[in-house]
Amino acid sequence: MKPTVSAWLAAVSAFLALAILKAENRPRYGGTLRVEMSAALNNLDPAEIPADPVILEAKGRLVPAVFETLVRLDESGKPQPWLAISWAHDVARKRWVFTPRSNVRLHNGATWAPGSGSLEVVDDRPIEQILREMARPWNAIVVREPDGSLTGTGPFRVAKWEAGKVATFAAHEGHWNGRPYLDSIEIQMGRDLRDQTQDLQLGRADVIDASPGTRETLPDETVALVFDTPRTSAAVREAVSLSIDRIAIRRVLLKGHGDISGALLPQWLSGYAFLFEAKKDVARARQLATGASPLTFTYDRQDAVLRSIGERISVNAMEAGITMRPGSGMPDVRLVALPVSSRDELAALADMAVILKAPFSFASTPYEAERALLDGFRAVPLFHLARSWGLVPRLQNWPDLPNAWIGQP
């Protein structure tokens, strides 16, 4: 039986629809990505690691787009060659010698070439530790110009920078790994969350900060209490931890989003988060808090999630006899969202140590390093949340800036 004309037309229509769908899913070059964020960055200098968790997360996301490291971590957290193509011991086996990639262009058009033709690192610890530390964005390769400006090798160059306000990144046409899909990225910093939401709705922004439940990744933020002043005893810190009703906060305030945890790193990354308890014991908290002085307590009041959690924590603490009230100056305790900045456990913990103002050693195992950071209840982890953004539907591969692209309107 011969196919009818209608059947033939239906087949053609299906074929064309499939072809259009494939074309829409194909990466597209061009376009400007408009990003708005709450964080206000003073600079992109990798050598300056911010202690503010909001700024650290934003800077850690932007720096790799402009400045590159000798090695970088793959999706499984294993170091891979990047600006260095190989590494080996020197003859005396006292140093590691890194061979730089050839034909790498800086943003100013010059060829990147280390002065001696190679880069050397003292062999004072296992090479795995050295590579993981090198992969952190804070150890990126930077060329400092005579005028004080910074030049990198990344897929984007800084075309405009007004500290704390606006920035524009332009595609680095001479990038050794090929130019990025986007032509440019326009960034507005220090934006109020309400203004960001309005701009996204009105089509004036493509990416904004958002609350849990919008567009999410794997859990990569740890909501935690951080105690900054030594005058708060370990007993009182533990009492605060024991007073918090994490189950109710997750069910009511977070609407079931996130995971309750007593660990800094999420289970999917470390594999041992379940070993850190996160329990409630108000009776024990009352005993530990006997005679406790009031605590000054701060959190970002523009962040609706942190504000609601902070208010509930104050109520929970009151039930244990602890007063937590807003204060100025150096607070006793902060409620923050610690970014899980790396797929490597030690690198992620190292960034958290900066925020916690605590010493850190890459020589430890991840579990030992995390246990040390939590010793004395310096920090009290509460929840692991997915990092959320508000995005336009046609944006693909966010937040991987070198591979992000914008589809047809």
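Hi everyone, let me start with one arginine: Arg-191 is partly exposed, at a relative accessible area of 22%. On this scale, buried means under 20% relative accessible area, exposed means over 50%, and partly exposed is in between, with a 1.4 Å probe and protein chains only. What does Arg-191 meet in a salt bridge? The partner is the side chain of Asp-199, at 2.5 Å from N to O. Asp-199 counts as buried, with 6% relative accessibility.

A quick word on the model. It is a predicted one, so local features need pLDDT of at least 70 and side-chain atom pairs count only at pLDDT 80 or more, while totals for chains, interfaces and linings use all residues. Residues are numbered from 1 along each chain as its sequence is written, and side-chain values use heavy atoms, leaving out hydrogens and water.

Back to the charges. By salt bridge I mean a side-chain nitrogen of Lys or Arg within 4 Å of a carboxyl oxygen of Asp or Glu. Searching the whole structure gives 21 salt bridges. One of them links Glu-57 and Arg-387, with the closest N and O atoms 3.5 Å apart. Glu-57 sits in helix H2 (residues 53-66) and Arg-387 in strand S18 (residues 379-391), so this pair ties together parts that are 330 residues apart in sequence. As for the labels, helices (H or I, at least four residues) and strands (E, at least two) are DSSP runs, numbered from the N terminus. Are Glu-57 and Arg-387 buried or exposed? Both Glu-57 and Arg-387 are buried. They also belong to a network of salt bridges that links Glu-57, Arg-61, Asp-209, Glu-221 and Arg-387.

Next, the sheet. Three strands form an open sheet in the order S4-S5-S6, with antiparallel pairing. Two strands pair here if DSSP finds at least two bridges between them. Strand S4 (84-89) and S6 stand at the edges with a single partner strand each, so one side of each has no neighbour in the sheet. From one strand to the next, the twist averages 25°. For angles like that, axes are lines fitted to C-alpha atoms, for helices over the stretch in contact, and the angles run from 0 to 180 degrees between N-to-C directions.

Have a look at S5 and S6 with me. These two pair in the antiparallel sense over four bridges, and Trp-96 stands opposite Val-121 in S6. Helix H3 (residues 127-134) packs on the sheet and touches S4, S5 and S6, its direction making about 45° with that of S5. Contact here means heavy atoms within 4.5 Å. Which residues of H3 are buried? They are Ile-127, Gln-129, Ile-130, Leu-131 and Met-134. Their cover includes strand S2 (71-73), strand S3 (79-81), S4, S5 and S6.

Arg-95 lies in strand S5 (residues 95-100) and Glu-120 in strand S6 (residues 119-122), so the pair ties together parts that are 25 residues apart in sequence. Arg-95 is partly exposed at 30% relative accessibility, and Glu-120 is partly exposed at 44%.

The largest pocket holds about 1600 Å³ of space. Of the 46 residues lining this pocket, the closest to its centre are Pro-64, Arg-72, Leu-73, Pro-399 and Asp-400. The elements giving two or more residues to the lining are H2, S2, strand S13 (215-227), helix H10 (345-356) and S18. H2 gives the most, with six residues. A pocket, on a 1 Å grid over the protein atoms alone, is an open set of points where a 1.4 Å probe fits, with protein on both sides within 12 Å along at least five of seven lines, and lining residues have an atom within 4 Å of a point. Grid points are joined across faces, edges and corners, and the volume is the space filled by probe spheres set on the points.

Last, some backbone details. Most residues other than glycine have a negative phi, and most peptide bonds are trans. Trp-398 and Pro-399 are joined by a cis peptide bond, with omega about 10°. Pro-399 lies in the loop between strand S19 (395-396) and strand S20 (405-406). Asn-397 is found in the loop between S19 and S20 too, and its phi is positive, near 70°. Phe-377 also has a positive phi, near 55°, and lies in the loop between helix H11 (366-374) and S18.
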